Amino acid sequence: MASPEPPASDAAPDVVYTYWFNRVDQIEWAFIGMDYEYENEGYTSVQLYFADKIYKDMIEAIGGISTQIARNDAHDGIQGLFHQAIQLLGQSLEFAKEAGDSLKASVPALREHLNKLTNAPFISLAKEITEHILGMYSLIDEHISGAEQVWSGGDITSTKEFEDTTKEFQSLTRWKAEHDSTRRTLIARSHSLLQQALESLGLNSNLVQVPTTLFDSEKRPTYVDYPCGSDEFLYGLGRRPGVLSLKEQLGGTLTDDEKAQIHEASNRQAPAPAAIAPVLQSYTMNIDNVEADFEDLYNDAQILDVKKKPDLARLVTPTYENRQDTMAKYKKDFRAKLKIYRRKFKPEEFNPTADYTQLVIDIDTEIMLLRDEAVTKGARLTSNNALKEARVAAFKLKYLRTLLVKLALGAEPPPTAAEKTQALWDRLDDWILYETTWNQADQKLINDQRIRAVNKDFANSSIMGRNANIARWRGFQDGLDNGAPPFNTPGVDEEPEGDAGDDDVPPSAWDLLSAILEPSLPSRTVYVNERFEQRRENFWRAASRARALNRPAPDEPDPRPQSTLGNSLADGGPPDLDELPFDTVYDKLVLMIVVTHWRCLQVEKLYF
């Protein structure tokens with residue numbers, strides 16, 4: 001039975017009070033008669049009746065009553081009625097606890113209304129509301145969480161919020177994405193709506209992230225460039241996962257035949273990519289860069305009176321800068337560990353001509369133990385203590401690796417090219433493990449339904465920043481393996497030609513995508529297009545040189561270069577996109593993922 005419409009906000013206090021008094025009374029009776037009324041209300045179970053109707057009405061009643069409390073002419077009984085309605089929250093939590101696993105099918109509806117309660121303006125009016133929110137989220141996490149729980153009868157249980165989000169996502173195809181600035185906005189909105197869709201179904205918004213391998217032609221998912229419906233699209237190819245990998249990520253179950261097809265596809269060799277391979281780059285370091293790494297670590301641990309971070313120009317591959325309040329919690333552990341290592345290894349006393357063979361062996365042994373500790377404890381996502389120990393181990397690992405690099409680069413005679421390459425390669429491996437370990441702890445925070453949305457957003461932004469580092473450093477490792485030139489060769493002062501002087505480090509496609517999905521404030525005025533100004537400066541240099549040599553002048557750079565994508569970013573996708581089914585909730589979610597990830601891939605074609 002539909003509830004009567006509430007009176008107007010300016011209705012007489014007696015009328016308003018009577019209305020909400022009756023609503024609270026109805027909800028109390030609904031609690032009493034749930035076991036035999038749910039079928040009359042059109043529900044298939046008492047749990048779904050509670051989650052979708054009673055719980056929703058209760059939150060609406062508390063919200064409606066709360067708006068009357070601030071009225072100067074409020075009814076004398078409105079405050080008492082508010083506290084009477086608040087008691088229903090306790091009854092709800094008790095019912096959910098007793099229902100236990102039988103509430104699983106109702107989780108999407110329950111979480112949808114709980115999310116609305118969490119964001120309601122009245123939650124500060126009574127501590128019982130906050131206690132209820134924490135208790136209910138904890139209950140969901142403990143007994144009825146997990147992606148597989150939102151599935152029923154072979155499909156994901158839909159919600160009104162999901163259907164609304166799906167319609168808005170479909171409307172993106174009508175965007176007039178004629179400029180790269182609009183295209184960047186389109187990519188960001190597509191990603192945002194995908195996250196909304198996941199959350200509306202009771203799934204974690206980070207369950208299906210943009211793959212860090214998206215710009216690697218040998219590892220990217222096949223569903224972004226193979227024809228929809230093809231075997232490659234469905235099952236994958238070689239090291240490239242197919243669209244069915246998403247089903248498992250979303251909590252679905254694969255058939256034995258699908259598993260066999262995926263296994264067979266993983267053993268097939270993918271054809272060589274037709275695209276031009278990216279230009280490989282490596283990196284190099286000198287002793288001053290190593291000292292900068294030490295200063296960075298000492299600042300984190302707050303020892304040796306290092307009050308500020310070293311200049312970024314000296315930090316060749318800086319790790320992602322974590323929040324100051326988070327680092328403060330680790331300061332005591334960091335300081336204690338560094339004091340032990342400094343006393344043991346005495347880095348200031350290193351002598352370039354001394355034989356440190358045994359010292360290198362000792363440090364190397366310690367590094368292997370720390371890597372094992374960071375990996376093992378970082379994988380224990382249910383234990384806050386283990387995750388903290390993993391982060392501390394990763395911090396110690398950075399320090400010991402910096403010691404080894406100092407020994408390698410500062411040795412007399414200097415290390416061979418192969419020895420230096422290996423030292424730089426191993427250093428990146430430990431930097432990658434450090435970022436991965438911090439990501440694991442932030443992922444646990446994101447998965448915790450009790451954490452505020454603003455903190456989850458910050459954690460998600462941090463993960464993307466670290467993933468950008470990881471992707472870039474793996475590219476440097478490939479460059480070291482293939483003898484590629486370093487991006488930061490010291491002592492080279494030649495005048496740049498053409499566009500070569502745009503940046504010391506050209507941003508990777510992942511860097512550009514991160515800037516779209518997680519934008520940050522510019523360090524300088526937004527009216528200065530530094531990349532264009534550099535191109536223009538290079539143009540005038542080249543034009544002056546051409547005139548002196550009596551040669552044709554080069555073309556002047558376009559102040560607003562645009563990609564040639566046209567409107568395809570809005571209404572395009574992988575081949576045969578129209579062949580994708582759009583019937584079930586799972587089908588709709590897959591299409592949103594495929595299109596969003598395809599749009600993200602097009603970042604390589606945009607101008608920044």
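Guide: Buried means under 20% relative accessible area, exposed over 50%, and partly exposed in between, with a 1.4 Å probe and protein chains only. This is a predicted model: local features need pLDDT of at least 70, side-chain atom pairs count only at pLDDT 80 or more, and totals for chains, interfaces and linings use all residues. Residues are numbered from 1 along each chain as its sequence is written, and side-chain values use heavy atoms, leaving out hydrogens and water.

Visitor: How many aromatic pairs does the structure hold?

Guide: There are 16. Rings of Phe, Tyr and Trp (its six-membered ring) pair if their centres lie within 6.5 Å; planes under 30 degrees apart are stacked, over 60 edge-to-face, the rest tilted.

Visitor: Why is the pair of F31 and F50 tilted?

Guide: Their planes are at 55°, so the pair counts as tilted, with ring centres 6.2 Å apart. F31 counts as buried at 10% relative accessibility, and F50 is buried at 0%.

Visitor: Next, Y434 and W438: buried or exposed?

Guide: Both are buried. Their ring centres are 6.0 Å apart and the planes at 45°, so this pair is tilted.

Visitor: Which lysine lies over the face of Y434?

Guide: K398, at 4.5 Å from the ring centre. The criterion is NZ of Lys or CZ of Arg within 6 Å of the ring centre and within 35 degrees of the ring normal. K247 lies over Y586 in this way, at 5.6 Å.

Visitor: Which residues form one aromatic cluster?

Guide: F294, Y298, Y341, F345 and Y399.
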